Amino acid sequence: MTPDESPTPLIHARGLTKKFGEFTAVDAVDFDVASGESFGFLGPNGAGKTSTMRMVGCVSPVTAGTLRILGLDPNVDGPRIRGRLGVVPQQDTLDTELSVRDNLVIYARYFGMSHAEARTKADALLEFVQLAERAKDKVEPLSGGMKRRLTIARALINDPSILLLDEPTTGLDPQARHLLWDRLYRLKQQGVTLVLTTHYMDEAEQLCDRLVVMDKARIVAEGSPLQLIERYSTREVTELRFAVGVQETLDGQLEGLGERIERLPDRVLVYSNDGEAAAAAANQRGLRPETVLVRRSSLEDVFLRLTGRSLVD
Amino acid sequence: MAVSGAPYRLRSAGDLPRRSPLAGLGAAYEHMWLIYRRTWRGSIFGSFVQPVLFLLAMGVGLGTYVDTASPDALGGVPYIQWLAPALLVSTVMQGSVFEATFPVLGGFNWDRRYHGMYATPLTPFAIAFGQLGWVVTRALMVASIFAFVILLFGAAATPGIVLAIPVAMLTALAFAGPVAAFMSTQRDTAAFNSIWRFGVTPLFLFSGTFFPIDRLPDFLQPIAWVLPLWHGVDLARALALGTVGQQPLLHLAHLVILLAGAIVGLVATYVMFKRKLER
Amino acid sequence: MTALLAAQRVLPIGLGGRRAWLLIERNLFVYRSGWLVLLSGFFEPLFYLLSIGFGIGGMVGDVPGPNGELIPYAVFVAPALLATASMNGAIAESTFNVFFKLNYAKTYDAVLSTPMAPGDVALGEIGWAVIRSSLYAIGFMVVILVMQLVQSPWAVFAIPAAMLMSFAFAAVGMAATTFMRSWQDFDLINIVIMPLFLFSGTFFPITSYPPALQLVVALTPLYQGVDLLRSLILGHIDATLLFHVVYLVVMGLAGLAVVARRLDRLLLK
């Protein structure tokens with residue numbers, strides 16, 4: 001009943017590679033995930049996050065490198081490992097012909113649980129994700145957030161050692177996201193090991209103890225959200241937005257305002273440890289931006305620094 | 001709502017039970033039952049009532065004319081007795097093509113059920129064979145009720161009509177396997193419409209169900225040998241009419257070809273499902 | 001004139017049916033790439049003709065035609081297959097396809113966000129069903145002409161008669177669709193269509209039934225079309241044909257009237 005306290009990581013990857021024909025989706029990545037940890041893959045679409053998750057989920061054969069999950073090799077013991085995983089895939093895979101509750105019950109049966117066990121567990125989980133009233137309904141009319149919660153309940157049916165979440169909140173409205181985050185946070189506190197992918201910086205900062213940034217099939221940085229911000233950014237950022245056409249005329253006038261200047265298509269970011277001071281300096285130089293925003297540095301800035309482009313494109 | 005924590009029990013990382021792949025097969029098959037329990041009403045007319053209407057219209061309505069005009073055309077057997085076992089097999093074949101189409105398309109593309117199943121200890125083997133096992137179960141259900149109706153109508157020449165049931169199940173598998181394998185490569189029903197219009201309907205009409213295939217033009221007859229429906233139809237008819245002994249080699253060939261079709265279908269479905277799931 | 005105005009009030013024309021043509025144009029666009037599906041509709045009656053008409057027909061011999069004279073079975077069954085094809089095509093187009101476009105493809109949501117009105121959609125879909133079936137009817141008539149199953153010049157009227165049939169069935173089919181809530185309800189359509197298909201004097205003469213049953217069958221909608229087409233193709237013209245025509249016209253207009261009343265429910269949910 002006690003969690004395994006041994007230092008052996010739950011997930012251990014070295015040189016992990018996935019190729020589809022000539023295309024390399026994941027290129028020799030190394031990472032470890034310890035028990036009880038909340039670990040994130042951050043990166044834009046097409047960075048290789050989902051391919052990595054599918055390999056960890058033991059549904060996609062490893063092309064090269066080493067991958068050990070719970071000490072076992074997915075290529076050999078896939079079904080056995082999957083028995084101890086909970087998976088929330090990017091696209092829902094709920095059975096639309098079954099009721100909400102039956103979706104959980106039949107899933108429990110896949111893990112070899114008895115009918116009685118399955119029903120008890122299903123009802124408890126529906127309570128946890130606040131879907132108890134919808135138990136008898138079909139899946140189709142549920143909202144996006146409800147379907148997502150049902151998928152999370154389903155992923156918990158077997159008391160998984162690792163919960164894999166591939167973009168758990170993409171496409172949800174803010175309220176649904178916050179409800180989902182709350183449930184995930186509770187799970188984390190109960191010692192569930194979470195592995196998630198996201199392209200939302202706030203999600204990564206909220207949920208991840210440690211994360212890796214992926215870009216073009218490789219891991220480009222690793223650390224806690226705070227460590228990454230300290231390492232790749234400054235304490236504060238001053239955002240200067242100029243009228244259309246003005247930015248192009250500012251050559252030479254921005255240098256030295258902060259430790260680093262980032263010019264985006266629509267605004268200029270000044271990285272410094274004192275954002276207000278940077279704003280004042282700009283004013284002294286006679287720069288007249290339309291708007292000025294001083295904010296705390298975030299993972300978005302880390303990402304920009306590492307990949308040289310914002311997440312928007 | 002007084003929810004604090006999840007109903008979650010932390011287990012040791014070394015707690016990794018082994019299970020036999022057959023346990024997963026049972027659960028995958030159970031899934032189909034669960035769906036059927038919710039949707040069976042919709043299948044009643046198509047699977048049970050419609051074939052009976054066909055038997056009435058063709059067997060009784062048209063059959064009366066056949067029996068009057070050509071009493072010896074079918075070896076002296078009344079048309080309805082000659083038609084009934086064949087119609088049973090043809091009907092089951094049509095149903096099995098349906099059961100191998102929409103669930104497979106849906107499982108991979110619509111609600112992506114199969115991908116959800118594969119995230120658990122279930123193997124492609126369990127997912128593929130759970131689906132095909134269900135097709136055979138449906139074949140058993142439809143064929144049994146049809147056989148019962150035939151007996152009720154007095155349209156059975158001998159009790160051998162009961163043996164048409166396993167023949168129908170085998171025919172169902174020989175059709176459902178290749179169709180399921182093919183459908184796993186499809187994203188929508190476009191190809192299915194062509195299969196139905198240019199495959200299933202002509203087979204239904206020209207595989208010796210309604211008239212002996214020797215009435216087909218000579219150049220068309222070899223096609224009946226290639227496609228499995230005629231083998232199922234002819235074997236079921238021989239068993240029902242008690243004429244197996246007359247051409248034992250031919251009927252053995254039917255059985256072998258049906259078995260071969262079923263095995264090829266099973267293997268093809270397994271291979272295609274595995275390829276599609278493991279990407 | 002007043003009758004026309006009254007009709008306009010009841011029928012969807014009043015809702016702006018003039019743009020219906022645009023919906024037909026849309027369907028033409030769709031089938032420009034899916035012509036195989038369109039073409040396949042032509043083969044179904046042909047397959048049935050070859051199998052039932054010639055395959056079984058060889059064993060059936062001659063059967064009594066519309067006026068009791070004996071005719072070869074293929075001659076008997078060919079017009080009926082044209083009639084059932086017109087019915088099946090019209091029903092498929094006005095029920096399954098409309099329901100799918102309505103609830104899944106959301107085709108009409110886009111259509112109705114333009115100046116198009118629900119009446120345009122209804123008339124457009126019914127019009128499309130009629131156009132489609134006339135194509136099949138022409139193709140099928142050519143085939144049976146070549147097979148020498150046509151016995152009278154009156155047969156040219158079989159094409160407008162088939163169009164009338166598909167109008168009547170498409171209108172009623174669309175009216176039925178306005179009441180459909182889910183795919184499960186479509187079983188009801190099958191429950192009606194299948195017995196019509198098998199027992200309306202299509203595959204064997206209705207003289208096989210006891211007299212009381214004959215009368216019942218003679219009043220069913222598909223029988224009107226079967227007897228109408230069969231009589232035209234065989235050149236057996238009498239007053240009952242007028243009854244068939246009136247029956248089908250009334251059926252189509254009644255269907256349209258129901259559609260007009262329930263259109264908003266169907267399209268502006």
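Two residues are said to be in contact if their C-beta atoms, placed from the backbone, lie within 7 Å. The model examined here is predicted, so that local features need pLDDT of at least 70 and side-chain atom pairs count only at pLDDT 80 or more, while totals for chains, interfaces and linings use all residues. Residues are numbered from 1 along each chain as its sequence is written, and chains are lettered from A and ligands numbered from 1 in the order in which they are written.

Chain A and chain C do not touch, and their nearest C-alpha atoms are 12 Å apart. The contact between chains C and B draws 27 residues from chain C and 28 residues from chain B. On the side of chain C that touches chain B, two or more residues come from each of helix H3 (35–60) and helix H8 (186–199) of chain C; helices here are DSSP runs (H or I, at least four residues) and strands likewise (E, at least two), numbered from the N terminus. H3(C) gives the most to this side, with 14 residues. By class, the side of chain C that touches chain B holds 17 nonpolar, eight polar and two charged residues, where Ala, Val, Leu, Ile, Met, Phe, Trp, Tyr, Cys and Pro count as nonpolar, Asp, Glu, Lys and Arg as charged, and the others, Gly among them, as polar.

Within chain B, the axes of helix H2 (residues 79–99) and helix H9 (residues 228–241) come within 8 Å and cross at roughly 140 degrees. Axes are lines fitted to C-alpha atoms, for helices over the stretch in contact, and angles run from 0 to 180 degrees between N-to-C directions. The contact of H2(B) with H9(B) has 11 nonpolar, three polar and one charged residues.

Strand S1 (residues 11–20) of chain A runs antiparallel to strand S2 (residues 23–33) of chain A, joined by seven bridges, and Leu16(A) has Val29(A) as its bridge partner in S2(A). Two residues lie between the strands of this hairpin, where Gly21(A) takes a positive phi near 65 degrees.

Note on methods. Pairing = 2+ DSSP bridges.
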